[in-house]
Amino acid sequence: MRITEAAQRLGTSPRMLRYRDLLGLLPPVRETTPATSRAPSGLPRGHRRFGDNDLAAVAHTLRIEQRYDISPAALAFGLKVLTEPGARADVAELGRRLGRIAPPPARALDFEQERARRLLRLPAGRGPGGTAPGGGPRRTRGS
């Protein structure tokens with residue numbers, strides 16, 4: 001079906017469907033029909049044909065936008081964050097700086113040292129071999 005009919009079925013406008021398409025919120029075009037006019041680039045224009053899967057995908061985006069009260073642009077950015085590692089890392093860093101995401105776990109070596117202390121049942125700050133932080137011998141009972 002053409003965009004006008006698809007928009008009517010979805011309760012939106014053809015212009016909003018085109019906008020969502022530009023944002024990447026529609027499945028890739030699989031089928032087009034030739035048009036008689038040409039785009040400003042001189043290339044022939046095609047008319048997107050909407051299938052049932054296309055309508056289902058757009059309906060799902062509309063439900064997400066309504067449920068979370070977000071714009072199509074915000075949803076498109078969310079998809080970008082999920083699919084581009086650089087964007088994901090930048091947004092995660094922002095979340096940590098704002099205190100909305102917990103800091104990353106301690107370095108692996110710190111974790112292993114703490115684990116070894118627990119296994120040896122040494123108090124924090126005591127090194128292996130019975131030395132105290134100042135380098136002197138550790139006191140034991142009776143000494």
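Helices here are DSSP runs of H or I with at least four residues, numbered from the N terminus. The model is predicted.

**Two helices side by side**

Helix α2 covers residues 14–23, and helix α4 covers residues 72–83. Angles under 35 degrees count as roughly parallel, so α2 and α4 are roughly parallel to each other. Their crossing is right-handed.

Which residues of α2 meet α4? They are M16, Y19, R20 and L23. On the α4 side, the partners are P72, A73 and A76. The residues of this contact divide into six nonpolar, no polar and one charged.

**A76 and L25**

A76 lies in helix α4. Leaving out residues up to four places away in sequence, A76 touches L23 and L25. L23 belongs to α2, whereas L25 sits in the loop between α2 and β1 (32–38).

How far apart are L25 and A76 in sequence and in space? They are 51 residues apart in sequence, and their C-alpha atoms are 6.4 Å apart. A76 and R20 are 56 residues apart along the chain, with 8.5 Å between their C-alpha atoms.

Neighbours within four places in sequence aside, its partners are R20, T61, E65, P72, L75, A76 and L79. Among them, R20 is also one of the α2 residues that meet α4. P72 is on the α4 side of that contact.

**Buried or exposed?**

Buried means under 20%, and exposed means over 50%.

| Residue | Relative accessibility | Class |
|---|---|---|
| D54 | 4% | buried |
| L25 | 5% | buried |
| A76 | 13% | buried |
| D69 | 71% | exposed |

**Two aspartates**

D54 is in helix α3. At 4% relative accessibility, D54 counts as buried. What does the side chain of D54 reach? It reaches the backbone nitrogen of G51, at 3.0 Å.

D69 is in the loop between α3 (52–68) and α4. At 71% relative accessibility, D69 counts as exposed. The phi of D69 is near 50°, a positive value in a residue other than glycine. Most residues other than glycine have a negative phi.

Definitions and conventions:
Residues numbered from 1 in each chain as written. Predicted model: local features only at pLDDT ≥ 70, side-chain atom pairs only at ≥ 80, totals over all residues. Heavy atoms only, no water. Axes fitted to C-alpha atoms, helices over the stretch in contact; angles between N-to-C directions. Parallel < 35°, antiparallel > 145°, perpendicular 65-115°, else oblique. Left-handed = near helix turned anticlockwise from the far one by under 90°. Contact = heavy atoms within 4.5 Å. Nonpolar A, V, L, I, M, F, W, Y, C, P; charged D, E, K, R; others polar. Buried < 20%, exposed > 50% of the residue type's maximum accessible area, 1.4 Å probe, protein only. Polar contact = N/O pair within 3.5 Å; in protein donor to acceptor, adjacent residues only side chain to side chain.
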